[in-house]
Amino acid sequence: MPERTEINLDEYVSSQPSPTKTFNFELSTLNSKFHKISPFPFIVRDIALWVPKTTETGAIEKMIQENAGKLLMNLFMFDKYEKGKETSYAFRLVFQSMERTLTDNEVNDIMNKISFELGKNPDFQIR
């Protein structure tokens, strides 16, 4: 069994030297945007498809975003594989609501809509 050590953090902090430098940042110069964090869980789905090598990921991402709706909180490509004249892209989609817990059926309906719209392009093959 490993040894245990007990530390009194109040004593430790008070024994440390005072800071010699201070930094004064004004929030207006940071160009930061803060968003409220949802108290509700997120749902993750992945989608992968074969496309012609000339297809840009931005075009695919745009189609996904247009069909995913406001519940899509994050979208990013996590895999790319080239074979012959085609490229396979895999995307991770994160869905979340600020008002409620999402259901699997609700997200599955969104994913079906995305798949249907991507499938309209005869050069795309969803895997």
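1. Helices here are DSSP runs of H or I with at least four residues, numbered from the N terminus. The model is a predicted one. In it, α2 is followed by glycine 69, whose phi is positive, near 80 degrees.

2. Helix α2 itself has 12 residues. From first C-alpha to last it reaches 16 Å, close to the 16 Å expected at 1.5 Å a residue. Its buried residues are Ile60, Ile64, Asn67 and Ala68. These cover an arc of only 105 degrees around the axis, which puts them on the same side of α2. The elements covering the buried residues of α2 include β1, β2, β3 and α3.

3. Helix α3, residues 104-119, has 16 residues and reaches 22 Å between its first and last C-alpha, close to the 22 Å expected at 1.5 Å a residue. Val107, Ile110, Met111, Ile114 and Leu118 are buried in α3. They span an arc of only 95 degrees around the axis, so they lie on the same side of α3.

4. The cover over the buried residues of α3 includes β1 (43-52), α2 (57-68), β3 (86-95) and β4 (125-126). On the face of α3 turned away from its buried side are the exposed residues Asn105, Asp109, Asn112 and Phe116. Note that Phe116 is among the exposed residues on that face.

5. The count of aromatic pairs comes to two. In one, the rings of tryptophan 50 and tyrosine 81 have centres 6.0 Å apart and planes at 70 degrees; planes over 60 degrees apart count as edge-to-face, so this pair is edge-to-face. Tryptophan 50 lies in strand β1 and tyrosine 81 in strand β2 (residues 72-83), so the pair ties together parts that are 31 residues apart in sequence. Tryptophan 50 is buried, with a relative accessible area of 17%, whereas tyrosine 81 is partly exposed, with a relative accessible area of 45%.

6. The rings of tyrosine 89 and phenylalanine 91 also pair, with centres 6.3 Å apart and planes at 40 degrees, so the pair is tilted. Tyrosine 89 is buried at a relative accessible area of 4%, and phenylalanine 91 counts as buried at 0% relative accessibility.

7. One further ring contact concerns a charged side chain. Arginine 92 lies over the face of phenylalanine 78, at 4.4 Å from the ring centre.

Conventions: Residues are numbered from 1 along each chain as its sequence is written. Side-chain values use heavy atoms; hydrogens and water are left out. Helices (H or I, at least four residues) and strands (E, at least two) are DSSP runs, numbered from the N terminus. The expected span of a helix is 1.5 Å times one less than its number of residues. Buried means under 20% relative accessible area, exposed over 50%, partly exposed in between (1.4 Å probe, protein chains only). The arc is that of the directions from the helix axis to the C-beta atoms. Contact means heavy atoms within 4.5 Å. Rings of Phe, Tyr and Trp (its six-membered ring) pair if their centres lie within 6.5 Å; planes under 30 degrees apart count as stacked, over 60 as edge-to-face and the rest as tilted. A charge sits over a ring if NZ of Lys or CZ of Arg is within 6 Å of the ring centre and within 35 degrees of the ring normal.
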